[in-house]
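Subject: Structure handed over, with notes on pockets and local geometry

Dear colleague,

Please find below the structure that I am passing on to you. Could you read the notes after it with the coordinates open beside them?

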Amino acid sequence: MRAVVQRVSSSNVTVDENEISNIDKGLLVLLGVTHGDSSKDVDYLLEKIVNLRIFEDENEKMNLSLKDINGELLVVSQFTLYGDCRKGRRPNFTEAAKPDLANDLYEEFVEKARRQSINVGTGKFGAHMMVELVNDGPVTMLIDSEKHF
């Protein structure tokens, strides 16, 4: 499981010209799932993301987590995180999980985040979405449950 985590001052998702979700200060998480992923990967990524110290403290040092600042989370499923661009000019998506598995783990990630009393917004799985964000910093982190990076 992979995530692109962006520290935002605001972010929103629009589908068919209708805003379906928005957050203020927090994290936009683009979440990708591969074939062998399980609840173990969900737990690892969620724990890492909500406790990642990438928000500034009073000394302007990245010392605070999403939980510390009571920030919000916007989670958007993105199979293209498993696009392989090493050969040719068209990405190969064979490493992306099939939709049923990907949606189940995406929903599990969202539900487990909500159980931690985090305000969580979502995209719409499988839809063509317009995602807007104001990246604060900019701060963008890549996290992989297999620890490839």
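Predicted model: local features only at pLDDT ≥ 70, side-chain atom pairs only at ≥ 80, totals over all residues.

The largest pocket holds about 310 Å³ of space, and its lining is made up of 20 residues, among which Ser77, Gln78, Phe79, Gly126 and Met129 lie nearest the centre. The elements that contribute two or more residues to this lining are β3 (26-32), β6 (72-77) and α3 (99-115), with β3 giving the most, namely three residues. Sorted by class, the lining of the largest pocket comprises 13 nonpolar residues, six polar ones and one charged one.

For the second largest pocket the volume is about 170 Å³, and the residues that line it are Met1, Arg2, Thr34, Tyr82, Gly83, Asp84, Arg86, Glu95, Asp144, Glu146 and His148. In this second lining two residues are nonpolar, three are polar and six are charged.

Ser77, which is among the residues that lie nearest the centre of the largest pocket, sits in strand β6. Ser77 counts as buried because its relative accessibility is 19%, where the cut-off for buried is under 20%. Once neighbours within four places in sequence are set aside, the contacts of Ser77 are with Leu31, Tyr106, Phe125 and Met129.

Gly32 belongs to strand β3, and its relative accessible area of 0% is why it is classed as buried. With neighbours within four places in sequence again left out, Gly32 is in contact with Met1, Arg2, Asp37, Gln78, Leu81 and Tyr82; of these, Met1, Arg2 and Tyr82 are also named in the lining of the second largest pocket, while Gln78 is one of the residues nearest the centre of the largest pocket. From C-alpha to C-alpha, Gly32 and Val4 are 8.7 Å apart in space, although 28 residues separate them in sequence.

Helix α3

After α3 comes Ser117, which has a positive phi, near 60°.

A loop residue and its partners

Arg53 is located in the loop between α1 and β4 (55-56), and its relative accessibility of 51% is the reason that it counts as exposed, the cut-off for exposed being over 50%. Not counting residues up to four places away in sequence, Arg53 touches Met62, Asn63, Leu64 and Ser65. The C-alpha atoms of Arg53 and Ser65 are separated by 4.3 Å, with the two residues twelve apart along the chain, and the side chain of Arg53 makes a polar contact, at 2.9 Å, with the side chain of Asn63.

Backbone geometry to check

Most residues other than glycine have a negative phi, and most peptide bonds are trans. Against that background, the peptide bond from Gly137 to Pro138 is cis, with omega near -5°, and Pro138 has its place in strand β8 (residues 130-144). Glu60, in the loop between β4 and β5 (62-64), has a positive phi of about 60° although it is not a glycine, and Glu60 is exposed because its relative accessible area is 63%. Lys147, in the segment after β8, likewise has a positive phi, near 60°, and with a relative accessible area of 58% Lys147 is exposed too.

With best regards

Terms used:
Residues numbered from 1 in each chain as written. Heavy atoms only, no water. 1 Å grid on protein atoms, 1.4 Å probe; cavity = no way out; pocket = protein on both sides within 12 Å on 5 of 7 lines; lining within 4 Å. Points joined across faces, edges and corners; volume = space filled by probe spheres on them. Helix = DSSP H or I, 4+ residues; strand = E, 2+ residues; numbered from the N terminus. Nonpolar A, V, L, I, M, F, W, Y, C, P; charged D, E, K, R; others polar. Buried < 20%, exposed > 50% of the residue type's maximum accessible area, 1.4 Å probe, protein only. Contact = heavy atoms within 4.5 Å. Polar contact = N/O pair within 3.5 Å; in protein donor to acceptor, adjacent residues only side chain to side chain.
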